[in-house]
Amino acid sequence: MQSQAGQPVMVDCFWHPQVRPTDFILACGDGNSRLTSLRWSQWHPDSAVAEGFNVVNDCKPYCAAGKFHAYRVIVRLNAPQPWKKRPDLSHYTQLSLVYTNGKPDGFGQWVDLPLWN
């Protein structure tokens, strides 16, 4: 979905701007972490909120042989900034995940991640 005037975007691994994506890859290098089944309840100029799943490879005994597990999350986007590649668009630069029912090994209940630009 294209951005409407003034609406920030999420920039995906292929440098495409997205608004309210249903799926979003977090680990661009290997695809071992992604957001799926996103349902956006808010998409505002300063923040966005969705519920969905973080699907994460457990990489046991190593990533190629690992299994993917889905964890229910609340996703929050914030800190929009002008996008360096397309200064006419702003993009969210911070993503927070709150795990609501279980979480991957080694993760906290709340995880903050920078989004690329």
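Cys13 is in the loop between E1 and strand E2 (17-18), and Cys28 is in the loop between strand E3 (24-25) and E4, so the pair ties together parts that are 15 residues apart in sequence. For the E labels, I noted that strands (E, at least two residues) and helices (H or I, at least four) are DSSP runs, numbered from the N terminus.

Before going on, I wrote down that this is a predicted model, where local features need pLDDT of at least 70, side-chain atom pairs count only at pLDDT 80 or more, and totals for chains, interfaces and linings use all residues. Residues are numbered from 1 along each chain as its sequence is written, and side-chain values use heavy atoms, with hydrogens and water left out.

How many disulfides does a search of the whole structure find? I got two. The other one joins Cys59 and Cys63, with sulfur atoms 1.9 Å apart. Its torsion about the S-S bond is about 95°, so the Cys59 and Cys63 disulfide is right-handed. Counting the bonded cysteines in sequence order, I wrote the pairing as 1-2, 3-4.

Next I checked burial: buried means under 20% relative accessible area, exposed over 50%, partly exposed in between (1.4 Å probe, protein chains only). Cys28 counts as partly exposed because its relative accessibility is 39%. Cys59 at 24% is partly exposed too, and so is Cys63 at 33%.

I picked out Leu95: leaving out residues up to four places away in sequence, its contacts (heavy atoms within 4.5 Å) include Met10, Leu26, Val111 and Leu115.

Last stop was Pro104, in the loop between E7 and strand E8 (110-114). Is Pro104 buried or exposed? Buried, because its relative accessibility is 4%. Apart from neighbours within four places in sequence, Pro104 is in contact with Val56, Tyr71 and Tyr99. I also looked up Pro87: Pro104 and Pro87 are 17 residues apart in sequence and 36 Å apart in space, C-alpha to C-alpha.

Notes. Disulfide = S-S within 2.5 Å.
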